[in-house]
Amino acid sequence: LSGNEISDITRKANTQGDGREYPDKSFGIWVAATNLITNGGGETNTTGWTAPGTETITRITTQAKFGAASIEIVTPNLAAGEGAFHAFAGAAATQYTVSVWVRGAAGGTVYVSLWDNVTTFQNGTAVTLTGVWQRISVTATTGALSVTFRAYIRTNLQQAVTFQADGLQAEAQPVATPYIETDGGTAVRAVARVQLPSILIDIDQSWIAVRASLGWAGGGTAPHRFFSWRDAGNGLEYLYDGAGSVSALAGAGYGGQQALVAYGAGFAADVTHTFIGAFTKGLVRNSLDGAAFVEAARVANSKPAAALFSIGELSEGGGQLLDGRVLWVACGKGTLTNGDAAHINSYGDNVPNPRRFPGLLTAYWDAETGLFRRRAK
């Protein structure tokens, strides 16, 4: 493990993370990110939080999504767009995602905005406040030559609303990644990944099954990897390409070496799926959610020297992460039938039973226990 995963240990501490309730029995594997908001949750004070008008901003400890405190905002009901903002050190012509967790009196409506002195407000979708915490976000690009940057939480209409905010984050990412706690300065989360020994699979005849969900809705941009064993382009991979297809790959590049499953405009956020990639000397094979394998011809390639393969990250180093969560991983040698794919999918989010697992299972790993188990011969 990298040590930077979002796990149930993180969720139990409840100071930062994806906000999922403990125990969630999953590992979040996310790209490295920096929270540019210096006081994301009011753990110590309200420093950095500003009322644009006559709003009241208070640190409270009776409600909190993370840690022991949150920021409470009371709007005076004078106009739409009341709320609070927090400035951050940004850059012109740069894409940012601003996100925050909010709760409050039922019926109020609020949204989050990225503001700069050139483009002014770029708004997210308004949500209705309820008695439970919910995350809202907006992704937008700052204006050319802009020099001042703010994250706003604002009312959608002219309303007298009392609501709480926690986990405010501004990051140079195309999606809202898990909250990185800040309390007086910016903070960084390093890249996350899970790795297993490559002796568990075979370059010429093997398979990998991953139960996972992506942390965003839509296609994303760069490929999002479920599995990668490669160096300098040689090896095996299984990924979602961000353009609507899941691909099993062998060797460098895509040319003639992929099995595609079209998936429309992209995945829904936090919906789990079973991804199975299988490889033989002549074929790459791909199954999504237990469907029959789709196949394509494979071009021969050399075996990677890497002693480990990665779940959720490019194994030759950095970038193109899953950006979501993994519940379990299984791998094996030999081949799988279409019936095997359906059987594997039938486990759903539950930890598989290794005694009944189809195919030549060599090992599995589950996020419920965090344990890696190698199947005895």
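## Salt bridges

A salt bridge here is a side-chain nitrogen of Lys or Arg within 4 Å of a carboxyl oxygen of Asp or Glu. The whole structure holds 14 of them.

This is a predicted model: local features need pLDDT of at least 70, side-chain atom pairs count only at pLDDT 80 or more, and totals for chains, interfaces and linings use all residues. Residues are numbered from 1 along each chain as its sequence is written, and side-chain values use heavy atoms, with hydrogens and water left out.

## Overall fold

The chain has two helices and 27 strands (DSSP runs, numbered from the N terminus: helices are H or I of at least four residues, strands E of at least two). Of its 377 residues, 53% are buried (under 20% relative accessible area; exposed is over 50%, partly exposed in between; 1.4 Å probe, protein chains only).

## A buried network

D8, R11, D18, R20, D24, D270 and R325 are linked in a network of salt bridges. R11 pairs with D8, with closest N and O atoms 2.9 Å apart. D8 and R11 sit three residues apart in helix α1 (residues 8–13), about one helical turn. R11 also bridges to D18, again at 2.9 Å. D8 and R11 are buried, and D18 is buried too.

## A link across the chain

E21 forms a salt bridge with K65, at 3.7 Å. E21 lies in the loop between α1 and β1 (27–29), and K65 in the loop between β4 (56–60) and β5 (70–74), 44 residues apart. E21 is exposed, at 59% relative accessible area. K65 is buried, at 10%.
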